[in-house]
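Welcome! Let's walk through a protein structure together, one region at a time. Keep the picture open beside you as you read.

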Amino acid sequence: MPTKITIGSVEVVALVDLPFELPWSMIFPGREASEIEPYQKMYPFANGKNGLQTQAGAYALRSQGKTVLVDSGLGPGPIAFLGGARGRLLDDMRDKGVDPDSVDIVAITHLHGDHVGWNLDGERKPNFPNARYLIPQGDWEYFNTMLETNAQMGQVMPLNDLGKMNLISGETELTADVRAMPTPGHTPGHTSYLIASGGEKALITGDVAHHPAQVNETTWCPVFDEDSSESSASRKRVVEMLESDRAIAAFCHFPEPFGKIVRIEGKRVFQAL
Ligand SMILES: [Zn+2]
C-alpha cells in the first residue's frame, strides 16, 4: 500500500489522523446482510472488528511549488464519540516529510467535523499559519448556525475573523494542476479536488463513498448523506469519470488511500494500488 504517489509532476501524500470503526447500520442503512456480505468478502480491508474499518484521512499535494492540504481530520481530541481517542495528523505529516508550516492552501472537502479538526490549535490560531483555507460556500451557508454552536465546527468560524478563509463555489483553480470540482449531496457544498498533470489524473473524492461497495452500488447511501438522491448522482458521475479516465481514486475514509476503478464481470470494482 503506497502512501505517496505522483500524478504527472504532482506528489500526493496520503495522511491518517486516526483510524476508527463505525456500525454497519450507519453505512448500509436498510440493506440485508445477504446484500452486504459479498462486498465484505471482496474488500476485507474495510472490515473492522465490529463494523466498518475506516479512518479520518487527509492528503497533501505538492504542485507547482505549492503545498495543498486536503482536509484536516478529526483533530487532537479527546474525541468523545471515539472513547476519548486523539488524532495525530500533524505528527503523521511530519513523519511523511510534510511540514505544517509549508502548507500554502488548506482545501476542505466539506464541513463535517472529521474533515476540519486540525484547522486551529487550542488557542484558536491556525495550525497551518501560512495557509489560506478554502471552504465550500454551499456548506458555509448550510451549516451556518452549527458553525457557532458545535465544538468541531468551532474549527471553521474563527478562520473568517482571522481573515484566513476564502469561500469557493463551482470549479476553482488552486494551482495549474489542481482544481476544485463540486460533488454535492453528502453535504450541499461537498467538493472534490481534481489533479491533472502530464496526462495523468487523480481525484480526491472526500466523502463521495465510505465503503468501496458504493463504486458499484452508487445508490447506496450512508446515514450521513444530507441529500441521498443528489449524493447518488454525484457518486455515479465520479465513478464513471474515474473509470473512463483511468484516474486514481483517493477516498478520504478508505484505509486503502489510493485505487483504480475497473470492471470485473460487468461490475465496477475498487482496486487498491
Ligand atoms: Zn467524513
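## A strand, a helix and a strand

Start with a unit made of strand 11, helix 7 and strand 12: together they form a right-handed β-α-β unit. Keep in mind that the model you are looking at is predicted.

The two strands of this unit run parallel, and three bridges join strand 11 to strand 12. Is Ser-234 buried or exposed? With a relative accessibility of 6%, Ser-234 counts as buried, because the cut-off for buried is under 20%. Leaving aside residues up to four places away in sequence, Ser-234 touches Thr-183 and Pro-184.

## The sheet around it

For an antiparallel case, look at strand 10 (residues 191-197) and strand 11 (residues 200-204), which are joined by five bridges. Here Tyr-193 stands opposite Ile-204 in strand 11. The hairpin of these strands has two residues between them, and Gly-198 in it takes a positive phi near 60°.

Strand 12 (residues 248-250) also runs antiparallel to strand 13 (residues 259-264), and two bridges join them.

## The zinc site

Which residues hold the protein donors of the zinc ion? They are Asp-114 (OD), His-115 (NE2), Asp-207 (OD) and His-253 (NE2), and they lie 2.1 to 2.3 Å from the ion. Along the sequence, the spacing of the donor residues is D-H-x91-D-x45-H. Two of these residues can be described by their accessibility: Asp-114 counts as buried at 15%, and His-115 is buried with a relative accessible area of 0%.

What about the geometry? For four tetrahedral donors at a metal, the ideal angle is 109.5 degrees. The angles among the four donor atoms of the zinc ion run from 84 to 165°, and the site is irregular. It does not count as tetrahedral, because that would need all angles to lie between 85 and 135 degrees.

## Backbone details in the loops

Gly-77 and Pro-78 are joined by a cis peptide bond, with omega about 5°. Pro-78 is found in the loop between strand 4 (66-70) and helix 3 (89-95).

The other two spots are arginines. Arg-124 has a positive phi of about 60° although it is not a glycine; its place is in the loop between strand 5 (105-107) and strand 6 (132-136). With a relative accessible area of 47%, Arg-124 is partly exposed. Arg-246 also has a positive phi, of about 50°, and is not a glycine either. Look for Arg-246 in the loop between helix 7 and strand 12, where it is exposed, with a relative accessible area of 70%.

How values were computed
Residues are numbered from 1 along each chain as its sequence is written. This is a predicted model: local features need pLDDT of at least 70, side-chain atom pairs count only at pLDDT 80 or more; totals for chains, interfaces and linings use all residues. Side-chain values use heavy atoms; hydrogens and water are left out. Donors are N, O and S atoms within 2.8 Å of the metal (3.2 Å for Na, K and Ca); water is not among the atoms, so sites may look incomplete. Four donors count as tetrahedral if all angles lie between 85 and 135 degrees; four count as square planar and six as octahedral if opposite donors are over 155 degrees apart and all others between 65 and 115; anything else is irregular. Buried means under 20% relative accessible area, exposed over 50%, partly exposed in between (1.4 Å probe, protein chains only). Two strands pair if DSSP finds at least two bridges between them. Helices (H or I, at least four residues) and strands (E, at least two) are DSSP runs, numbered from the N terminus. Contact means heavy atoms within 4.5 Å. A crossover is right-handed if, with the strands pointing away from the viewer, the path from the first strand over the helix to the second runs clockwise.
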